[in-house]
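Reader: Could you walk me through this structure slowly, as I am new to this?
Author: Gladly; let us look at it together.

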Protein chains: 2
Amino acid sequence: MTKSTITAGDRSDAEIIRVAARNEADNPSSKRVVFDAGQPLELDAGASLGPWQIAYETYGTLNAERSNAILVCHALTGDQYVASENPITGKPGWWSLLVGPGKPVDTNRFFVICANVLGGCLGTTGPASTNPDTGKPWGLELPVVTIRDMVRSQARLIDHLGIETLFAVIGGSMGGMQVLQWAVSYPERVFAALPIAAAARHSSQNIAFHEVGRQAVMADPDWAHGRYHEQGLRPSKGLAVARMAAHITYLSDAALHRKFGRNLQDREAITFGFDADFQIESYLRHQGMTFVDRFDANSYLYVTRAMDYFDIAADFDGSLARAFLHSPTRFCVMSFTSDWLFPTSESKAVVRALNASAANVSFVEVESDRGHDAFLLDEPEMFRTVDGFLTGAACARGLAVPGSAA
Amino acid sequence: MTKSTITAGDRSDAEIIRVAARNEADNPSSKRVVFDAGQPLELDAGASLGPWQIAYETYGTLNAERSNAILVCHALTGDQYVASENPITGKPGWWSLLVGPGKPVDTNRFFVICANVLGGCLGTTGPASTNPDTGKPWGLELPVVTIRDMVRSQARLIDHLGIETLFAVIGGSMGGMQVLQWAVSYPERVFAALPIAAAARHSSQNIAFHEVGRQAVMADPDWAHGRYHEQGLRPSKGLAVARMAAHITYLSDAALHRKFGRNLQDREAITFGFDADFQIESYLRHQGMTFVDRFDANSYLYVTRAMDYFDIAADFDGSLARAFLHSPTRFCVMSFTSDWLFPTSESKAVVRALNASAANVSFVEVESDRGHDAFLLDEPEMFRTVDGFLTGAACARGLAVPGSAA
């Protein structure tokens, strides 16, 4: 029955990747800023975190006025390598379709910043980072962080870079949550905001799926109550199951039907067993297996928890409109028709609140059958919208078009 | 961190329940028929299963003409106790709202039969049953079974009861799959068929969710490659995670929002930890914990696999209409508006095929925001439809109304 469970033959490559991943948590391949004990980060949980660090990448050039900076916020399992090769997987940047020279987020024009989130595992302080007090990985001793904490850490980075106001903040999914939080926490520092496939709160169903994922991780005895690093373990099976469950929610029923249907994997007939007879099974197992090589299990707990806790209106007596009152920011809210994880109704709730607070907002629902993952894919309507919105905002901000006689 | 994982303090009650469950697999509290080695059941996997047994309950009285029998088929984790107390949980029958004296499936009028499915764990042969060749539980040595095998086993029971033609076959979800298979395998033996919240095939997304559940079970080291019974183990954590993931798919987003929203569980504020802060988390954990006390983990693998393999059209060169050609059965197909696991589109595909094959079919889409689970709940429109359809069919069949001068 070995083939029925998630295993792999020769994992020496994976082993190498794991070691690399471990080092990335403390010593990222990207840029980073280290804040010492005298410059702590105040967390929503009430704790003061310091020393701490934030890992980030930049693309393009900051202009003399420091007015052309775009912050890209990444999703749950994303990273700072938005438009450059991920040092662990060797894959191209996760949003390299959207961000780069001549792309909708044009690095010939804009200075693009992307930071690993707080609680992550690629260089910004998270549970896999070394706790300076013990010399061991933080594990569950790291205070639980929130989306607001992530944004707070990014603001510190922006301060460090000497940028007063961001030209734009852009992100999808959890990245979109950060965009909204930026507009609420630092309205004067965000000229334009583009939350994609996001929501102003995590729904009951969203929380439910995350809870399943966390329980899958914690059910794995190799999780060892979060102390697996020290014991030379990895809760790979539990984390793979978590990823498999989550992955289903990123795709639409229609996309799954179109991509896989009931097609069999490398066989002519069903085998009357528990091997991966169907392509969809093989695909999901692959998703689970490769994920554990690039992501830390405790980080998965922390970042999913941050999303669960996200509820902007809750900080404003239940009124989302009040959160955006007197906002000077220009908003473009975007959703996808087949996204059932962050459905259009959630984006519309944001748009309603923005309108109720007399904010400057436009809304685009992109026709796509690819589900939530559409924001990461080749979606021309999304590209055109981002391009148009940024061009209009750049015009309003008085940003010169490169090469033109400005 | 103990509270963050699925555990329970005093499990002596649960322990008692588990022992009971183990005995139910071989010695059900219900009726049963034992078929000896000379009366084997031929399986789609190619194996011949014998001796084997089928456990069932009956309600009401079979009339002299043996023409008033209704077979109720249960769903994935259901059982034969459709309208009577479950011997393990002590809970009322799972469809006692629909089946009973004076109910839409009126046991004053009809003779109702409900059998535990093949591969199940409440008395019909399944992986928890004792393999007569070894004296140990079958475990994964039991051949994988299909929905058609389940129906074949039920036909043997109906033979045993001396019933030539069933007045009706009714079931929801996997029960509805069995209804459709009955109509295809034994068209002359089914006068009326009522598949509810079902489909003629398991979709890619359906298979995906089942695969996650199976991987969660098999990732649990206490699963012991299926031999946990002999080692005194139970893969409770893995099975609980499987149930939690599945349970989300049984409810609609709207139902989750209405029932739980972002409400906190017995606390005033979030705790910045991994306890069940939210009601939905607490609810899901409870669902997971209680499930493992009543259901066998290997049975979960077998029955989910049977559903995955279900694809009626595949047996007819991809033509669902051909499957129903010349069907003498009267059909009423029912779906629920908010069911995203077995959406209305799947029921409509069945209706289209039935119309294309000139079958007698009516279709009802019940307005409900409760998702897939609606078929088990108090849904008056469903009750009225079942009542009306059965009354009409009884009329057509010439069944006397009790108490009337027939």
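Author: A definition comes before anything else: axes are lines fitted to C-alpha atoms, for helices over the stretch in contact, and angles run from 0 to 180 degrees between N-to-C directions. Helices (H or I, at least four residues) and strands (E, at least two) are DSSP runs, numbered from the N terminus. This is a predicted model, in which local features need pLDDT of at least 70, side-chain atom pairs count only at pLDDT 80 or more, and totals for chains, interfaces and linings use all residues. Residues are numbered from 1 along each chain as its sequence is written, chains are lettered from A and ligands numbered from 1 in the order in which they are written, and side-chain values use heavy atoms, with hydrogens and water left out.

Reader: ok, at what angle do H5 and H7 of chain B cross?
Author: The axes of helix H5 (residues 236–250) and helix H7 (residues 279–292) of chain B cross at roughly 125° and come within 8 Å. H5(B) and H7(B) are therefore oblique to each other, where under 35 degrees counts as roughly parallel, over 145 as roughly antiparallel, 65 to 115 as roughly perpendicular and the rest as oblique.

Reader: and which residues of H5(B) and H7(B) make the contact?
Author: Contact means heavy atoms within 4.5 Å, and on the H5(B) side the residues include B:Leu239, B:Arg243 and B:Ile248, while H7(B) brings, among others, B:Tyr283, B:Arg285 and B:Phe291. By class, the contact of H5(B) with H7(B) has 9 nonpolar, 4 polar and 2 charged residues; Ala, Val, Leu, Ile, Met, Phe, Trp, Tyr, Cys and Pro count as nonpolar, Asp, Glu, Lys and Arg as charged, and the others, Gly among them, as polar.

Reader: how do H4 and H8 of chain B cross, then?
Author: Helix H4 (residues 204–219) and helix H8 (residues 297–309) of chain B have axes that come within 10 Å and cross at roughly 160°. That makes H4(B) roughly antiparallel to H8(B). Among the residues in this contact are B:His210 and B:Arg214 of H4(B), with B:Leu301 and B:Asp308 of H8(B), and the residues of the contact divide into 6 nonpolar, 3 polar and 3 charged.

Reader: new topic: how many residues are in the largest nonpolar core?
Author: The largest nonpolar core has 200 residues, and those with the most contacts inside it are A:Ile113, A:Trp182, B:Ile113 and B:Trp182. Such a core is a set of buried Ala, Val, Leu, Ile, Met, Phe, Trp, Tyr and Cys residues joined through side-chain atoms within 4.5 Å. Apart from it lies another core, of 36 residues, with A:Leu98 and A:Met382 among them.

Reader: is B:Glu57 buried or exposed?
Author: B:Glu57 counts as buried, at 14% relative accessibility; buried means under 20% relative accessible area, exposed over 50%, partly exposed in between (1.4 Å probe, protein chains only). B:Glu57 lies in strand E4 (residues 52–59) of chain B and, leaving aside its neighbours within four places in sequence, is in contact with residues including B:Ser30, B:Tyr81 and B:Ile113.

Reader: what about the backbone, which peptide bonds are cis?
Author: Most residues other than glycine have a negative phi, and most peptide bonds are trans. A cis peptide bond joins A:Gly50 and A:Pro51, with omega about -5°, and the bond from B:Gly50 to B:Pro51 is cis as well, with omega near 0°.

Reader: and what is phi of B:His326?
Author: Phi of B:His326 is near 60°, a positive value in a residue other than glycine. B:His326 sits in the loop between helix H9 (320–323) and strand E13 (330–336) of chain B, and B:His326 is exposed, with a relative accessible area of 69%.
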